[in-house]
Amino acid sequence: PHGVLVAHLEEHTSRVTRLASIPDTSLMASTSTDGTLRIWDLAKIESGKNNFAHRARQVYDRHVPLDGLAASSHNNILACAARDGSISVLDIEKQGEDKVTSGRSISTEEGSPVDMVFCDLGHTPLLLYCTSFGHIVGWDPRLRASEGHAFSFRLGLRHGLTTAMSVATEETWVAAGTSSGVVSVWDLRFKLQVNANSFETTARS
């Protein structure tokens with residue numbers, strides 16, 4: 001089947017960094033280096049019934065470039081990571097300042113945020129994020145920043161900067177890849193590293 005172009009969404013004024021569909025809705029979120037997180041209603045965009053269809057339904061302006069985005073299946077919760085090291089968790093059903101339900105800051109020693117994903121199989125969402133300096137953190141957004149986090153793993157800089165992260169669908173393991181071609185895997189049930197594979201230079205792109 002061939003796709004049909006429905007619309008160009010042109011409200012962002014700088015590079016779009018992440019896109020995420022919001023589970024069980026027709027909504028999509030986008031982040032940009034212009035500092036905004038925007039929520040789009042794709043059902044209205046596809047119908048094109050009014051002149052406002054191609055406008056964002058909601059805009060959250062952090063005034064700092066945004067590089068990370070994750071959507072939870074629990075109650076329309078989003079998380080975004082800013083270039084200043086801050087992470088914000090938002091309830092898109094709330095308005096104004098009440099929209100931000102929790103937040104925390106990543107220290108310069110941890111590096112900048114690289115990737116983030118919600119683990120949603122439990123009763124409450126758990127945000128998993130990794131940083132460029134090899135920190136992988138599981139954080140319960142219900143906790144205050146001063147209360148720490150649920151767990152953390154350390155990849156270390158000897159393998160290079162962390163560049164990517166993936167979590168298994170059944171949330172039993174998390175893997176992280178580095179700039180030197182190393183992929184490390186941790187068992188989320190026992191909180192243990194189970195494997196680390198290094199790829200030859202000729203295999204790297």
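A: In this predicted model, F153 has a relative accessible area of 7%. The limit for a buried residue is under 20%, so F153 counts as buried.

How many aromatic pairs does the structure hold? The count is 2 aromatic pairs. One of them joins F151 and F153, with 5.3 Å from centre to centre and 35 degrees between the planes, and this pair is tilted. Both F151 and F153 are buried. The other pair brings F153 together with W186: the ring centres are 5.4 Å apart and the planes are at 5 degrees, so this pair is stacked.

The charged end of K191 sits over the ring of F151, 5.1 Å from the ring centre.

Next come the charged pairs. The structure holds 6 salt bridges. One of them joins R62 and D84, whose closest N and O atoms are 3.7 Å apart. This pair links distant parts of the chain, 22 residues apart: R62 is in the loop between strand 4 (58-61) and strand 5 (66-71), and D84 is in the loop between strand 6 (77-82) and strand 7 (86-91). R62 is buried at 17% relative accessible area, whereas D84 is partly exposed at 47%.

Another salt bridge is formed by the side chains of D67 and R83, at 2.9 Å from N to O. Here too distant parts of the chain are linked, with D67 in strand 5 and R83 in the loop between strand 6 and strand 7, 16 residues apart. D67 counts as buried at 17% relative accessibility, while R83 counts as partly exposed at 45%.

D140 and R142 make a further salt bridge, with their closest N and O atoms 2.6 Å apart. D140 is buried at 11% relative accessibility, and R142 is exposed at 61%.

S30 makes a contact of another kind. S30 lies in strand 2 (residues 27-32) and is buried, at 2% relative accessibility. The side chain of S30 makes a polar contact with the side chain of H12 at 2.7 Å. Leaving out residues up to four places away in sequence, S30 touches several residues, among them H12, R18, W40 and L69.

C119 is buried at a relative accessible area of 6%, and C130 is buried at 0%. A disulfide needs a pair of cysteine sulfur atoms within 2.5 Å, and by this rule the structure has 0 disulfides.

Terms used: Residues numbered from 1 in each chain as written. Predicted model: local features only at pLDDT ≥ 70, side-chain atom pairs only at ≥ 80, totals over all residues. Heavy atoms only, no water. Buried < 20%, exposed > 50% of the residue type's maximum accessible area, 1.4 Å probe, protein only. Helix = DSSP H or I, 4+ residues; strand = E, 2+ residues; numbered from the N terminus. Polar contact = N/O pair within 3.5 Å; in protein donor to acceptor, adjacent residues only side chain to side chain. Contact = heavy atoms within 4.5 Å. Salt bridge = Lys/Arg side-chain N within 4 Å of Asp/Glu carboxyl O. Phe/Tyr/Trp six-rings, centres within 6.5 Å; stacked < 30°, edge-to-face > 60°. Lys NZ or Arg CZ within 6 Å of the ring centre and 35° of its normal.
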